[in-house]
Amino acid sequence: MEVPEVVIHVVHYGMVEQMSLASTEYGKGVSEFEKAGTYANTLARGKASSGERSSYCFECKVNEVKPLGDQGGAGNLVICEVLVAHVNEGIFDDHGVIDPYKTRCVARLGGDWYSRASGDSLFKIPNRSVPSE
């Protein structure tokens with residue numbers, strides 16, 4: 001049996017409408033990429049497809065799917081192993097580190113709700129690890 005693969009995208013605010021359209025349920029054989037007005041491309045491993053303009057995405061192997069209920073609104077917890085990570089070079093700062101102000105990440109919440117990680121919602125807490133004995 002072939003192990004299923006998925007691509008997990010971290011998308012930016014400029015493509016939130018397309019993300020919403022791509023997450024709509026369509027009939028078998030309908031391309032969510034076409035419906036969203038974007039296109040698919042084959043990634044490094046050559047199996048899963050990806051939208052072209054994500055800030056970064058992860059090609060993954062599905063290890064387990066756990067149902068979270070059988071009532072309306074219930075979903076599944078999909079446990080994956082990252083095989084390859086792709087990062088848009090435009091989100092790096094001058095030191096080669098991902099700049100969260102450049103990623104303009106969005107998250108899908110529930111129903112029609114989304115969240116944007118940008119501007120004043122970003123903050124930094126220095127890592128103050130305790131030295132080992």
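Begin by selecting strand 1 and strand 4 (residues 56-67), which run antiparallel and are joined by six bridges; strands here are DSSP runs of E with at least two residues, numbered from the N terminus, and two strands count as paired if DSSP finds at least two bridges between them. Before going further, note that this is a predicted model, in which local features need pLDDT of at least 70 and side-chain atom pairs count only at pLDDT 80 or more, while totals for chains, interfaces and linings use all residues. Residues are numbered from 1 along each chain as its sequence is written, and side-chain values use heavy atoms, with hydrogens and water left out.

Within this pair, pick Ile 8, whose bridge partner in strand 4 is Phe 58, and then Glu 5, whose bridge partner in strand 4 is Lys 61.

Strand 4 and strand 5 pair in the antiparallel sense over 11 bridges, and one place to look is Glu 64, which has Ile 79 in strand 5 as its bridge partner.

Now show the surface of Leu 68, Leu 77 and Ile 79, which form a nonpolar patch with about 260 Å² of accessible area together. Such a patch joins nonpolar side chains (Val, Leu, Ile, Met, Phe, Trp, Tyr) within 5 Å, taken from residues with over 30% relative accessible area and no salt bridge, a salt bridge being a side-chain nitrogen of Lys or Arg within 4 Å of a carboxyl oxygen of Asp or Glu; the areas come from the Shrake-Rupley method with a 1.4 Å probe.

How many disulfides does a search of the whole structure find? The search finds zero, a disulfide being a pair of cysteine sulfur atoms within 2.5 Å. The sulfur of Cys 80 has its closest cysteine sulfur in Cys 60, at 4.9 Å, which is too far for a bond. Cys 80 counts as partly exposed at 25% relative accessibility, whereas Cys 105 counts as buried at 15%.

Methods. Buried < 20%, exposed > 50% of the residue type's maximum accessible area, 1.4 Å probe, protein only. Patch = residues over 30% accessible without salt bridge, like charges linked within 9 Å, V, L, I, M, F, W, Y side chains within 5 Å. Helix = DSSP H or I, 4+ residues; strand = E, 2+ residues; numbered from the N terminus.
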